[in-house]
Amino acid sequence: MKGGVILYRGSGADAGRYLESDRSRADEYYLEGGTSLAEFSVVDDDGELIGEGALTPGEYGQWVDWVNPLTGETMGKPRLPGDGRHGSPRFAEMVVNAPKSLSIAAALHPEVSHALDVAQRDAVAEIRAWLGQHSVTRVGPRGAQRVVPIEQLETVAVSHKTSRAGDPHRHIHLQVGTRVWAADAWRGLDTAALFRQQGAIRSLGTAVIAGHPQLAAALDAHGLTLDPVTGEVAELQPFNAVMSKRAEQVARNLARFEKEWRSAHPDQEPGPAAMTRLTAMAWDHERPHKKPTKLGCEAAWRSELEDAGYRPDLERAPAHPPIALEEVRVQDVASRALDRCAATASTWTVHDIQDQVTRIITEAGVRAEPRQLRERITLATRLAADDCLSVLPPDSPHPEHVAHLTSGHVIACETRLRDLLAARATYTGQRTPDLRRIARRLGLDPAQARAAAAIASVDPLVIVEGAAGAGKTTMLAAAIAAGAEHGRATRVVTPTKKAADVAHKELGIAADSVAKLLHEHGWRWNRDGVWTRLAVGERDPQTDAAYTGPAASARLSRGERIVVDEAGMLDQETALALLTVAGEYGATLALVGDRAQLAAVGRGGVLDIAAELLTRVHSMTTVHRFADPGYAALTVRMRHGDDPTAVFDDLHARGLVVMHESPDAMRAALALERRDGDAITVATNDEARELNERFRDERVRVGEVDDHRTALGSDGLSIGRGDPIQTRRNDSALRVANRQTWVVQGVDDHGAVWVKEALAGARQRTVRLTAEYVAEHTHLTYASTAYGMQGATAPASHTVLTDSMGAADLYVGMTRGRNANRLHVVAADLSEAREQFVLAMEKDRADRGVDRAADAARNSVRGLVPAAHQPQNAAPAPFELDTARRGRRQPDLRL
């Protein structure tokens with residue numbers, strides 16, 4: 001399963017059109033005459049199914065509008081949008097999908113199609129049961145609320161078998177009703193809790209499908225292999241690219257023809273007949289001999305596959321061998337899950353534990369019946385949770401969705417880190433070097449000069465914080481020059497290889513990632529995030545050879561200054577290892593970063609802890625990057641979080657807030673407005689993919705990108721000559737780094753991609769990426785998350801504001817452009833746009849250590865009281881009021 005939870009806020013009348021937009025009329029072929037099933041279900045707090053049926057179109061619309069389809073009673077009155085406020089969420093949706101190769105296999109073989117239907121419905125059933133057991137609501141007045149489990153939860157599942165382009169794409173829209181029965185009344189589902197559960201939900205759905213015995217048997221009967229780890233059909237996986245490329249082509253044509261239809265029919269919506277005709281035109285355009293005789297016809301897809309080399313008697317491909325559930329030791333899974341939680345955060349929820357437990361079981365290649373799988377996952381999760389400590393007081397509420405669990409290892413690691421930093425947080429009493437001559441030559445402002453002098457000093461620990469665009473690179477150049485004049489070496493390391501390569505080019509000295517330096521000094525870490533250190537002579541598990549110690553270039557000298565650039569992204573395990581190595585050699589340390597920008601991906605807070613211990617932190621707040629000094633001052637206010645409402649109003653007054661009526665309208669406008677070299681920042685990878693697909697379509701349309709000879713990236717989108725891409729894994733053999741950006745020069749006959757480095761003003765290298773690397777570790781990068789954008793400078797930037805964006809993402813996005821930085825937001829009016837901006841500015845998702853995590857947990861439960869027992873005279877649940885309707889089947893819903 002991919003993608004997250006989405007809140008739907010429209011009306012019941014709009015909900016059918018919303019579902020219709022996600023599939024092709026080709027579904028009529030698969031669904032026997034156009035009947036789409038809206039399958040309604042009710043589960044209790046044990047996850048047991050207590051009612052089900054199919055809804056008519058009218059009943060489905062009523063359910064979306066909060067009318068109970070079983071009893072006809074109202075479940076509340078939805079708030080309508082207006083006055084700067086969103087409307088009430090009507091349901092929360094997640095999509096249960098399958099790898100492309102499974103959809104292809106289902107289109108080829110009816111038996112596989114049936115088995116995949118069963119597997120996906122089993123995944124929905126397991127998710128639905130789990131939600132019944134773990135969903136909550138809130139009861140009581142503000143300041144004295146109880147978090148209570150739901151007693152009844154309603155869901156609707158709608159199955160689609162094609163994408164909007166008509167290609168095989170099996171997926172189920174699982175819609176979770178936001179009205180639940182609990183404590184004698186209809187109440188609102190706690191959607192904040194649901195969002196914290198989505199990782200566990202996704203991994204559970206993935207595990208059920210990848211390990212499904214019936215699906216594996218159906219595939220095996222046709223000479224196909226279900227890989228229990230990836231969920232792909234091993235023999236058909238190579239054909240994913242051709243099918244995706246054809247789907248992209250049809251979707252691009254359909255968008256064009258639909259736009260032309262709307263221009264010719266203003267204020268109208270194309271009906272089923274019109275959409276069928278437009279879809280047929282989209283298939284026919286540019287490939288008239290490949291038009292299917294009937295939309296959704298498997299013969300057409302088989303023809304596409306045969307052109308790509310498919311034959312019914314394909315040789316069996318290698319795949320991970322499946323194992324029985326009994327072969328997995330629950331204690332080992334629980335221990336590894338805690339290791340992974342500790343590597344990624346200072347505190348976590350029980351749902352985070354389950355997410356990791358499920359992933360570990362899936363990675364092992366387990367094949368098992370869905371209920372047995374869920375029970376084993378639950379057992380391992382419970383064992384792991386029992387080994388955790390809570391940062392909350394014993395007498396406070398401990399909701400499952402609040403991150404209050406931690407481990408002894410996390411506390412011990414942070415304690416040791418504090419001790420090592422505190423030992424360095426001493427003043428030497430020596431004067432800092434005189435940098436006046438260097439400062440004049442490089443044009444440093446006073447704050448830059450003071451920071452450079454501190455780094456060039458012999459102080460054991462120096463901290464420099466600089467706002468985005470404050471000239472940290474120029475300051476570092478001065479510090480390095482001053483240190484050299486006094487005979488002191490400076491070594492620059494960064495949290496990422498990409499940042500190290502940039503530092504090397506800009507500063508002209510050797511620079512590398514912190515990980516590379518520590519690896520040279522014997523540190524190793526496994527896939528669960530557990531760190532160990534090799535002694536000289538020990539066998540290196542990565543090479544199977546004896547570890548001989550660090551290379552000469554990695555050996556430190558006494559008094560050498562180690563500068564950690566982008567230190568805000570340094571995680572605790574890495575920092576602890578670096579402090580250990582620096583202490584062994586007598587090296588000094590300087591941390592340069594910005595706590596207002598992005599934090600560590602793993603357990604963070606290093607810069608925060610160091611700043612608490614040091615008596616002086618050098619701050620650079622004079623911003624040099626932007627052409628407009630007034631905007632520079634505004635970014636400093638944004639960095640400090642000063643009065644977000646006033647900041648938004650200032651942005652709007654400068655013409656930098658662009659409002660759009662819908663996400664699709666926003667993507668269309670950006671596709672036309674974007675210029676090469678612009679930075680486009682989004683909150684999530686899913687949002688980046690949607691924009692990248694739209695931008696690529698536009699560039700293909702105007703002839704700027706080749707769509708004839710392409711490869712397929714890890715995001716499932718085509719890559720051709722002219723596309724900008726990002727590499728996502730360090731590979732010394734290919735000479736590429738994680739998050740480096742490149743421009744595609746061509747694709748060869750073997751699927752390998754030739755790319756040129758996209759670094760302005762530098763000697764641009766050209767490298768060849770293998771087809772395997774491209775498929776697994778590259779994707780389009782017209783738009784990127786803030787992690788991909790931090791450190792970049794562009795002529796102009798566009799930041800897309802959504803519910804998923806936090807303060808750091810927003811600040812990074814709005815500080816990339818030298819000349820213009822625009823904020824794009826989908827909103828009905830300025831008041832709603834302002835509200836979204838303020839909410840984003842109040843979100844701080846950074847992990848800043850155990851103490852800050854404990855504060856956050858206490859804030860999360862403030863105003864809550866422990867849940868009381870259910871009163872004995874509770875009102876009957878709504879489903880019990882009309883037991884005669886239990887199991888009733890309603891007419892099918894046509895969507």
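The conversation below goes from the whole chain to single residues.

Modeller: This is a predicted model, so local features need pLDDT of at least 70 and side-chain atom pairs count only at pLDDT 80 or more, while totals for chains, interfaces and linings use all residues. Residues are numbered from 1 along each chain as its sequence is written, and side-chain values use heavy atoms, with hydrogens and water left out.

Biologist: How many helices and strands are there in the protein?

Modeller: The protein has 30 helices and 32 strands. Both are DSSP runs numbered from the N terminus, with helices being H or I of at least four residues and strands being E of at least two.

Biologist: And what share of the residues is buried?

Modeller: Of the 895 residues, 54% are buried. Buried means under 20% relative accessible area, exposed means over 50%, and partly exposed lies in between, with a 1.4 Å probe and protein chains only.

Biologist: What about contacts between residues at least 6 apart in sequence?

Modeller: Of those contacts, 72% join residues at least 24 apart. A contact means heavy atoms within 4.5 Å.

Biologist: Let us turn to the sheets. What is the strand order in the open sheet of 5 strands?

Modeller: The order is β21-β32-β31-β22-β30, with parallel pairing. The edge strands, each pairing on one side only, are β21 (657–660) and β30 (784–785). Two strands pair if DSSP finds at least two bridges between them.

Biologist: How many bridges join β22 and β31?

Modeller: β22 (residues 679–682) and β31 (residues 794–801) pair in the parallel sense over 3 bridges. Ala679 has Ser797 in β31 as its bridge partner.

Biologist: Which helices lie across β21, β31 and β32?

Modeller: Helix α24 (residues 663–673) lies across these strands and runs at about 160 degrees to β32 (817–826). Helix α29 (residues 830–841) also lies across β21, β31 and β32, running at about 110 degrees to β32. The axes are lines fitted to C-alpha atoms, for helices over the stretch in contact, and angles run from 0 to 180 degrees between N-to-C directions.

Biologist: Moving to β14, is that strand mostly covered or uncovered?

Modeller: β14 (residues 490–494) is mostly covered, with 5 of its 5 residues buried. Thr490, Val492 and Thr494 point one way, Arg491 and Val493 point the other way, and all are buried.

Biologist: Which strands pair with β14?

Modeller: β14 runs parallel to β18 (residues 561–565), joined by 4 bridges, and Thr490 stands opposite Arg561 in β18. β14 also pairs in the parallel sense with β15 (residues 511–513) over 3 bridges, where Thr494 has Ser513 as its bridge partner.

Biologist: Where is Asp528, then?

Modeller: Asp528 is in the loop between β16 (523–525) and β17 (531–533). Asp528 counts as buried because its relative accessibility is 7%.

Biologist: And what does the side chain of Asp528 join?

Modeller: The side chain of Asp528 makes a polar contact of 2.7 Å with that of Arg336. Such a contact is a pair of N or O atoms within 3.5 Å; within protein, one must be able to donate a hydrogen and the other to accept it, and residues adjacent in sequence count only if both atoms are side-chain atoms. Leaving aside neighbours within four places in sequence, Asp528 is in contact with Arg336, Asp339, Arg340 and Ala343.

Biologist: How many aromatic pairs does a search of the whole structure find?

Modeller: The search finds 10 aromatic pairs. The ring centres of Phe626 and Tyr631 are 5.3 Å apart and their planes are at 85 degrees, so this pair is edge-to-face. Both Phe626 and Tyr631 are buried. Rings of Phe, Tyr and Trp (its six-membered ring) pair if their centres lie within 6.5 Å; planes under 30 degrees apart count as stacked, over 60 as edge-to-face and the rest as tilted.

Biologist: Which residues do ring pairs link into a cluster?

Modeller: The cluster consists of Tyr8, Tyr60, Trp63 and Phe91.

Biologist: One last topic: where is Ala183?

Modeller: Ala183 is in the loop between β9 (179–182) and β10 (185–188). Phi of Ala183 is near 50 degrees, a positive value in a residue other than glycine. Ala183 is buried, since its relative accessible area is 15%.
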